Amino acid sequence: LGWGRKDGDQAKERAALGEDWNIYRPEVQAHIEKYFTPKVKATAPYGVSVWSLGDECGYDTGIGFGTNGAPYYAAFLKKRYGTVEKFNAVHGTTIKDFAEAEHKRCKQSVDERDWPSWFDQVQYAQQMYSDTYQFLSKVIKKYDPKGRVGAEGSSGGDLELTVDKLEFWGPYRSLVSDELLKNLGPQRVRGTWWGGYLRSSRNGFPVNQWEFVLTGTVNADEWFAVSPGSTEGSHAGDLMPAPYVQKMMPHLQKLRRGQAQLLIRTPWRDDGFAFYFSHPSGSAASLDDRFTPQDASLGDLIRFCYRNGYNVKMITRKTMAKLKGQKVLFLAGANALSDEEAATFRDFVKQGGILVADQPPALLTEYLQIRKENPLKDLFGNVLLKDLGDAELRKVSSGKPQLVAYGKGGAVKLGY
């Protein structure tokens, strides 16, 4: 992006900033913008269709511990918890100000089984990752106000947070993440994994392209698709389309001349059921084997929808309004839920909805604090983390699932 050079004035200015490149430092932002802006100004007049901020971007959960970082972490905690009292209740501390909170590295928190502190740091790193994209997008839009900005082949982090206010996101293929992204931003620019790897099928049929159009997934690798002479590119060294691409062109023309646009722009049908996605729950699964990864069930449920022609509708905490009108909601690996989420689910069932869980839900709060009482005990029993043994693979009974009646609806336990 143009600010990482190690020579000339830029290198001297960078050295003067020290080793702490916290994105929230005003002087760091000023330095980045100073050297990023000329590239944006020089490129914008050519009519950029999509501004990709890179391929394979990522972040490290160890960021934010620089010499200047303490005030920014305290500000993050204030935004995250709202009050010191709330922080103390979660962490069992007695601090008077967020500046007094201990900033633990992830390894220390894991070793101490201090899961809330671990998740605080993970979410802080993910917030910084998202805010870096937002900062660069604002710089671009000073010169291209309608620019579509994002990245491709990159870590999603907290995906809902990462793509907020971005118009383009093209990750590597992931069954669950692709469907989540489709639900979070159906109007974002969509790309396709065009199938240029040597190990990919080169029979002249656009199988990959059709799949992406039909499922609405949004992967992209346009950054190297037109690399003349590359064995993984679409064009030969003389800039002519490679033979296998020429074979695909008649099929692609059918897509280009209306079929693809019609399919892409047609609203998805509402089939009356949805899957719940919880980022805290997915994060918890990396800490203890007793927590079921969300992908363990969501992947199979999504494939079931593909095979039977159902829409994959996913709901998150921020999009809970989409629950209205649904008849069935699946909780897949819902390890960590807030009291507000639990109350919404109870009301959903009370009004006639069916809530399905593949494991005991709400073992933790949204901060990954171990619960002493399960807020969904009326639906799934007062199951707590201490009640669970080690995770094991075993045959699931093929009998009829038991429905626990509650209000006008009920809850169903699957596999446990």
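Tutor: Welcome! An axis here is a line fitted to C-alpha atoms, for helices over the stretch in contact, and angles between N-to-C directions run from 0 to 180 degrees. This model is predicted, so local features need pLDDT of at least 70 and side-chain atom pairs count only at pLDDT 80 or more, while totals for chains, interfaces and linings use all residues. Residues are numbered from 1 along each chain as its sequence is written, and side-chain values use heavy atoms, with hydrogens and water left out.

Student: How many helices and strands does the protein have?

Tutor: Both are DSSP runs numbered from the N terminus: helices are H or I with at least four residues, strands are E with at least two. By that count the protein has 15 helices and 9 strands.

Student: What percentage of the 416 residues in the protein is buried?

Tutor: Buried means under 20% relative accessible area, exposed over 50%, and partly exposed in between (1.4 Å probe, protein chains only). Of the 416 residues in the protein, the buried share is 47%.

Student: Among contacts between residues at least 6 apart in sequence, what percentage joins residues at least 24 apart?

Tutor: A contact means heavy atoms within 4.5 Å. Among contacts between residues at least 6 apart in sequence, the share that joins residues at least 24 apart is 69%.

Student: Which residues have the most contacts inside the largest nonpolar core?

Tutor: A nonpolar core is a set of buried Ala, Val, Leu, Ile, Met, Phe, Trp, Tyr and Cys residues joined through side-chain atoms within 4.5 Å. The largest one has 51 residues, and helix α6 (residues 115-141) gives the most to it, with 8 residues. A second, separate core of 21 residues includes L329, L355, A362 and L376. Back in the largest core, the residues with the most contacts inside it are L77, Y133 and W169.

Student: Are α3 and α6 roughly parallel or roughly perpendicular to each other?

Tutor: Angles under 35 degrees count as roughly parallel, over 145 as roughly antiparallel, 65 to 115 as roughly perpendicular and the rest as oblique. The axes of α3 (residues 70-81) and α6 come within 11 Å and cross at roughly 105 degrees. The two helices are therefore roughly perpendicular.

Student: Which residues of α6 make the contact with α3?

Tutor: On the α3 side, the contact is made by Y72, Y73, F76, L77, K79, R80 and Y81. Ala, Val, Leu, Ile, Met, Phe, Trp, Tyr, Cys and Pro count as nonpolar, Asp, Glu, Lys and Arg as charged, and the others, Gly among them, as polar. By class, this contact has 7 nonpolar, 3 polar and 3 charged residues. The α6 side consists of F119, D120, Q121, Q123, Y124 and Q127.

Student: How many charged residues are in the contact of α9 with α11?

Tutor: The axes of α9 (residues 207-215) and α11 (residues 243-265) come within 11 Å and cross at roughly 5 degrees, which makes these helices roughly parallel. Residues in the contact include W210 and L214 of α9, and L252 and L263 of α11. The contact has 9 nonpolar residues and 2 polar ones, while the number of charged residues is none.

Student: Which side chains make polar contacts with the side chain of Q359?

Tutor: Q359 is found in the loop between β7 (354-357) and α15 (377-380) and is buried, with a relative accessible area of 4%. A polar contact is a pair of N or O atoms within 3.5 Å; within protein, one must be able to donate a hydrogen and the other to accept it, and residues adjacent in sequence count only if both atoms are side-chain atoms. Q359 and T292 are 67 residues apart in sequence, yet 7.2 Å apart in space, C-alpha to C-alpha. At 2.7 Å the partner of the Q359 side chain is T292, and at 2.8 Å it is N335.

Student: Is E56 buried or exposed?

Tutor: E56 is in the loop between β1 (51-55) and α3. E56 has a positive phi of about 60 degrees although it is not a glycine. With a relative accessible area of 52%, E56 is exposed.
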